[in-house]
Amino acid sequence: MNTTTLDRPVMPAIDPLALAIAGIEDVPDDSIQAVLERPAKTKELVIVNWSGDLDKVWPVLILSSTAAASGVRCRVFVTFWGLLPFVKDQKRIVGDNWMQKMLTLMQRPGIDHLKLSKMNFLGMGPWMMDSLRKKYNVASPRELLEAATAMGVEFIPCQMTMDMFGLKREDLIDEMGEPAGAATAIEIMTEADASLFI
Amino acid sequence: MAIIAIQELVDARGLSCPMPIVKTAQAIRTVPSGAFVEVLATDPGSVKDFAAWARTTGNELVEQTSDGAVYRFVLRRK
């Protein structure tokens, strides 16, 4: 048995930058204390989930659930092809007109029906990927989606894509947040500590 | 080494990234601040990941041991 006891230095109780400024500007002690006692802002991550491919949605779900597990507020803006995996799994064909229906006929919606962006081979690729996943005990997109929503990851559907694809709020899984547009995406991305387009 | 009273055990043996972290995050929420959680994992990536997770969340990675096949982590809730 190889034992290591981690001996991490205790975090300095005082922000060195705040102290340096206080030293130069001769700030009274009590106002420094107010700055030091201000709670740290929660870190934020925004992911734009654009793709409906298995090999893109999977990392989105891995990163978002891990962010939530790490105490990072995570919001996922779900747009274009990326919206189809978030349609309820039992829905087969959605949309109002034939063109919208064609979309979901060609690409079956739902988190359990993802295709690979390469080596799909009429479903052989995803089937093999699923076998490997089980063999190596990797969590499925469905399991990760459940973990992510349970831990408070917010999924925001793109209103414009919903209109164009003929998707209604009730076609999407119940955990989806309120639909929003590009301006919302820009606002949350610019306020976040990191944002990804996947 | 001081004796530590473990309040919650997370058995993440056999699970792949990110589930050991996800399960630990869910378990640590059920214990009070200052309590200890023990995690067992077999994912070799968890060695770096638990150190990173502790730094991000502020929970303390108190102890890290391995018998070669199973990694054991002891964390103290912030």
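In what order do the elements of chain A run from the N terminus on? Select chain A, colour by secondary structure and follow the chain: the order is β-α-α-β-α-β-α-α-α-β-α-α-β. That comes to eight helices and five strands, where helices (H or I, at least four residues) and strands (E, at least two) are DSSP runs, numbered from the N terminus.

Before going on, please note that this is a predicted model, in which local features need pLDDT of at least 70 and side-chain atom pairs count only at pLDDT 80 or more, while totals for chains, interfaces and linings use all residues. Residues are numbered from 1 along each chain as its sequence is written, and chains are lettered from A and ligands numbered from 1 in the order in which they are written.

**Stop 1: chain A as a whole**

Stay with chain A for a moment. Of its 198 residues, 30% count as buried; a residue is buried if 20 or more other C-beta atoms lie within 10 Å of its own, exposed if 12 or fewer, and partly exposed in between, with C-beta atoms placed from the backbone. Among the contacts in chain A with a separation of 6 or more, 69% are between residues 24 or more positions apart. Here two residues are in contact if their C-beta atoms, placed from the backbone, lie within 7 Å.

**Stop 2: helices α3 and α6 of chain A**

Now select residues 54-69 and 141-150 of chain A, which are α3 and α6. Their axes are 9 Å apart and the helices pack at an angle of about 30°, so α3(A) is roughly parallel to α6(A). Axes are lines fitted to C-alpha atoms, for helices over the stretch in contact, and angles run from 0 to 180 degrees between N-to-C directions. Angles under 35 degrees count as roughly parallel, over 145 as roughly antiparallel, 65 to 115 as roughly perpendicular and the rest as oblique.

The crossing of α3(A) and α6(A) is left-handed, a term used if the near helix is turned anticlockwise from the far one by less than a right angle (right-handed if clockwise). Show side chains to see who takes part: α3(A) brings A:V57, A:W58, A:L61, A:I62, A:S64, A:S65 and A:A68, and α6(A) brings A:P141, A:L144, A:L145, A:A147 and A:A148. By class, this contact of α3(A) with α6(A) has 10 nonpolar residues, two polar and no charged. Ala, Val, Leu, Ile, Met, Phe, Trp, Tyr, Cys and Pro count as nonpolar, Asp, Glu, Lys and Arg as charged, and the others, Gly among them, as polar.

**Stop 3: across to chain B**

Where do α3(A) and α1(B) meet? Look for A:S65, A:T66 and A:A69 in α3(A) and B:I21, B:V22 and B:A25 in α1(B). The two axes come within 9 Å and cross at roughly 30°, and this crossing of α3(A) and α1(B) is left-handed. The residues in this contact of α3(A) with α1(B) are four nonpolar, two polar and no charged.

**Stop 4: chain B on its own**

Chain B has two helices and four strands, in the pattern β-α-β-α-β-β along the sequence. Of its 78 residues, 33% count as buried.

Zoom in on B:P18, in the loop between β1 (6-12) and α1 of chain B. The peptide bond from B:C17 to B:P18 is cis, with omega near 5°.

**Stop 5**

Bring chain A back and select A:F121, in the loop between α4 (98-106) and α5 (124-135). Phi of A:F121 is near 45°, a positive value in a residue other than glycine. A:F121 is exposed, with 11 other C-beta atoms within 10 Å.

Next comes A:N137, in the loop between α5 and α6 of chain A. A:N137 also has a positive phi, of about 55°, although it is not a glycine. It counts as partly exposed, with 13 C-beta neighbours inside 10 Å.

End at A:D193, in the loop between α8 (182-191) and β5 (194-197) of chain A. Is A:D193 buried or exposed? It counts as exposed, because it has 12 C-beta neighbours inside 10 Å. Leaving aside neighbours within four places in sequence, A:D193 is in contact with A:K43, A:E44 and A:L45.
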